[in-house]
Amino acid sequence: MFAREHDEVVALAVTTILDDALGLCRARIRTHGVTLELAITTAAQVRGRSIELSQVVVNLLNNAFDAAHTSAEKWIRLSTRDLPDRVQIFVEDSGPGIPAERHDDVFRSFFTTKAAGAGTGLGLSISRRIVDAHGGSLTIDPHAPNTRFVIELPT
Ligand SMILES: Nc1ncnc2c1ncn2[C@@H]1O[C@H](COP(=O)(O)OP(=O)(O)O)[C@@H](O)[C@H]1O
Ligand SMILES: [Mg+2]
């Protein structure tokens, strides 16, 4: 890991952010029998801090893994969509889902449903702070049939 002061704001291809995150997560996902579906179609660039933005995707992939790997159906889907002036990154999983009344709670610092030692409850609150600092948003798609986190960033 580089020191934080080297994580400068630069022009970044979204594919680079996702490749960096996948490099850290892919092996663990696949060796545990979870199917990783990729539909990364964007050529968009964002301005931002590479390590921070990859860390957000890592946090979402790790949560998706925790949710999917204990389910009967085991998959994670990472996909993108281009919008005018913005790009969306979706992390979706086959896990048990998050009840609608918990959609706000999960972004609070120290909110966790994981065993002591397994989760700090900081991943989503830190991730939201990072995405907000990049002028974007981190939300849960309330209409998706599965758990679906949405990172939206200005391009
Ligand atoms: N993909 C997901 N499926 C189901 N629940 C999730 C998912 N992602 C996050 N959560 C819920 O949100 C909580 C907070 O997530 P997070 O901030 O990453 O902390 P941690 O993973 O350390 O518990 C988790 O403990 C879990 O209850
Ligand atoms: Mg987490």
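Is D85 buried or exposed? In this predicted model, D85 is exposed, with a relative accessible area of 62%, where buried means under 20% relative accessible area, exposed over 50%, and partly exposed in between (1.4 Å probe, protein chains only).

## Basis of the model

Residues are numbered from 1 along each chain as its sequence is written, while chains are lettered from A and ligands numbered from 1 in the order in which they are written. Because the model is predicted, local features need pLDDT of at least 70 and side-chain atom pairs count only at pLDDT 80 or more, whereas totals for chains, interfaces and linings use all residues, and side-chain values use heavy atoms, with hydrogens and water left out.

## Two residues with positive phi

D85 lies in the loop between β4 (75-83) and β5, helices (H or I, at least four residues) and strands (E, at least two) being DSSP runs numbered from the N terminus. The phi of D85 is near 70 degrees, a positive value in a residue other than glycine.

F110, which is not a glycine either, has a positive phi of about 75 degrees. F110 belongs to the loop between β5 and α3 and counts as exposed, at 61% relative accessibility.

## Aromatic rings and charges

A search of the whole structure finds one aromatic pair, and F107 and F149 form this pair in an edge-to-face arrangement, 6.1 Å centre to centre with 70 degrees between the planes. Rings of Phe, Tyr and Trp (its six-membered ring) pair if their centres lie within 6.5 Å, and planes under 30 degrees apart count as stacked, over 60 as edge-to-face and the rest as tilted. Since F107 lies in the loop between β5 (86-93) and α3 (123-133) and F149 in strand β7 (residues 147-154), the pair ties together parts that are 42 residues apart in sequence. Both F107 and F149 are buried.

The charged end of R128 sits over the ring of F107, 3.6 Å from its centre, the criterion being that NZ of Lys or CZ of Arg is within 6 Å of the ring centre and within 35 degrees of the ring normal. R148 lies over the face of F90, at 4.0 Å from the ring centre.

## The surroundings of ligand 1

Ligand 1 is surrounded by 18 residues, of which the closest are D93, T112, T113, K114 and L124; a residue is near a molecule if one of its heavy atoms lies within 4 Å of it. A polar side-chain atom of D93 lies 2.8 Å from a nitrogen atom of the ligand, whereas T112 places a polar side-chain atom 2.5 Å from an oxygen atom of ligand 1, and T113 likewise has a polar side-chain atom 2.5 Å from an oxygen atom of ligand 1. Taken alone, ligand 1 exposes 530 Å², and the protein buries 91% of that, with accessible areas from the Shrake-Rupley method with a 1.4 Å probe.

Helix α2 (residues 50-68) has 19 residues, which at 1.5 Å a residue should span 27 Å, and its end C-alpha atoms are 27 Å apart, which agrees; the expected span is 1.5 Å times one less than the number of residues. The helix is mostly covered, as 15 of its 19 residues are buried.

V46 lies in strand β3 (residues 45-49) and is buried, with a relative accessible area of 2%. The C-alpha atoms of V46 and I89 are separated by 12 Å, although these residues are 43 residues apart along the chain.

Definitions and conventions:
A polar contact is a pair of N or O atoms within 3.5 Å; within protein, one must be able to donate a hydrogen and the other to accept it, and residues adjacent in sequence count only if both atoms are side-chain atoms.
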